[in-house]
Amino acid sequence: MTVNFLMQNLINALQWGSFYALIALGYSMVYSILMLFNFAHGDIFMVGAYIGLGVSLGLLSLFGSGAAAVLPGWVVLVLTILISMFLTAFVGIIVERVGYRPLREAPRASAAITGLMIGIILETANILFLGGSRLKFPQLIESVTYNIGGVYVTNKKIMIVLVSIGLMLALHQLITRTKWGMAMRAMAYDYVVVPLVGVPMNTIAAMTFAIGSALAAAAGILFGLAYPVLDPYMGVSFGWKAFVAAILGGRGSIMGACIAGFMLGFIEIMTVPAIQIMNRLFSLNIGSNFRDLIAYSIVLLILIFRPHGLFGQAYSAKLRL
Amino acid sequence: MPLLHVTDMSHNFGGLQAVSGYNLSLDPGQITGLIGPNGAGKTTIFNLITGIYRPTQGSVEFDGEELVGKKPNETASMGLARTFQEMKLWRHMTVLEHIKMARYSKLSYGLWGAFLDTPKRRLEERQTTDLAMEYLKMFAVDQFADQLVVNLPYGAQRRVEMARAMVIEPKVLLLDEPTVGMTPDEMMAMIEVVRKAHERFNLAIFLIEHRLRVVHELCQHVQALVFGQVLVEGTPTEVQNHPKVIEAYIGQQEVEF
């Protein structure tokens, strides 16, 4: 049983980790250029999921669903992801423009609570406009389960992991191959001089928020496919855990955020079988509800030994070159 | 008509008068020096001219256009380049990337270009790289093109910074203590590099410098700034020997109570 059992959990961990990784990227990107964490980001994930819900329902009513469908489900899904990413990017741009840009020179603590307040505003707005009840995310594609040598994989899990990795690769292209990406990297090292070589800093900042938010929206829709119930507070604990991934990866590190996201998913998911094995070996009786307690103790331990995270650089923001 | 014309510029931080009644007139191809003790407000003047700070009063005209109220990226695009005393390089980017970054506003290919590697992108990338290499050669750092800037010797880092400033094709270059912390050899190399850039582009240069040797070698005109005000200006020799300047640097010989 053990190999199959481990493989099964590994696949679940990959899926779970891709949500964390996609959200963690938004935290890291914003931190790397502006030296602040956007604490509204978890709620932008929530907004993205709801926008995805609206867009998919709109598309379904437009093109029909079930037997009367004009477009196949996966086309609707791709359109939903693209349109929602685009729309949620604007939410990010508005958050930057209204919440962060006026406070760019303010103390960091003020900017940090701005994020918290924007988060509360988004949650409350959701409750006001949509009534606060849980909503069901439409299943755009039919679930198919494959049995590969005793390991059960659904087409959705494969799709979720592939789409996430695809988006990460696209982000990598954007950062390494475009002038905007180059400007983002430059701002991460020293932002004072960036405008002085003719780069409009506000454009780059807005773009960074837009990309982070678009990735969070993608995570929200993929999450909705896997766990089809949305509620206004879904971004809170999920957002904090993704934030942990961003720190674990190393503040501001893009690659770190991806790897730490998957790693966090892996630690969380693998803790349960580990508990079961320990229970059997030592005839203990630890419940699986100890999962987060144990998983995050492990994360804490890692941070004690690597306080700058996995890929963080041990230099302060003030001390450059 | 001067290329850069500052009239009656003042600035205060809170209650502190950092710069008061400052005037400057810089002609094309002219090199003017700005000397003064630490804290005199020299770098503040650079920040005011380039739009990092907005002057409390006064005007800054560049090529006949008012600069006050313009953002740093706008003043840069108009042809005003600068370097920093503490050398603001992007530590984990390559030397070549530093120069390419400064061509930001000249690159026009977008997302599609980047993802699909269109002929337009390839052409622009090649042109930018060629141009960047030309500048790196001019500043004798071309052998480091693909290295991370953090791994370069100090003098070479300084020259990379200068190449980055020059590649935006400025009309005026503001140099903030370009030879600070340099060995005498590195200093001589820097003087040579500045002179070469000056001659080749008929560049106007405004230079903050502590080392009088550098000022003598490069400047036709020098201002001495003390407590945010120009005390004396003239040729390097005049300024250096002026009793007020000596007093500002080494203090009064007799202290009266």
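Being a predicted model, it is read with cut-offs: local features need pLDDT of at least 70, side-chain atom pairs count only at pLDDT 80 or more, and totals for chains, interfaces and linings use all residues. Residues are numbered from 1 along each chain as its sequence is written, while chains are lettered from A and ligands numbered from 1 in the order in which they are written.

Chain A holds ten helices and four strands (DSSP runs, numbered from the N terminus: H or I of at least four residues for helices, E of at least two for strands). Their order along the sequence is α-α-α-α-β-β-β-α-α-α-β-α-α-α.

As for overall shape, the C-alpha trace of chain A spans about 60 × 55 × 40 Å along its principal axes. The radius of gyration of chain A, 20 Å, agrees with a compact globule, because 321 residues packed that way would come out near 20 Å (taken over C-alpha atoms, with the rule 2.2 Å times the number of residues to the power 0.38). Some 47% of the 321 residues of chain A count as buried, that is, with 20 or more other C-beta atoms within 10 Å of their own, C-beta atoms being placed from the backbone.

Then there is the contact with chain B, which takes 22 residues from chain A and 28 residues from chain B (two residues are in contact if their C-beta atoms, placed from the backbone, lie within 7 Å).

Notes
Buried ≥ 20, exposed ≤ 12 C-beta atoms within 10 Å, placed from the backbone.
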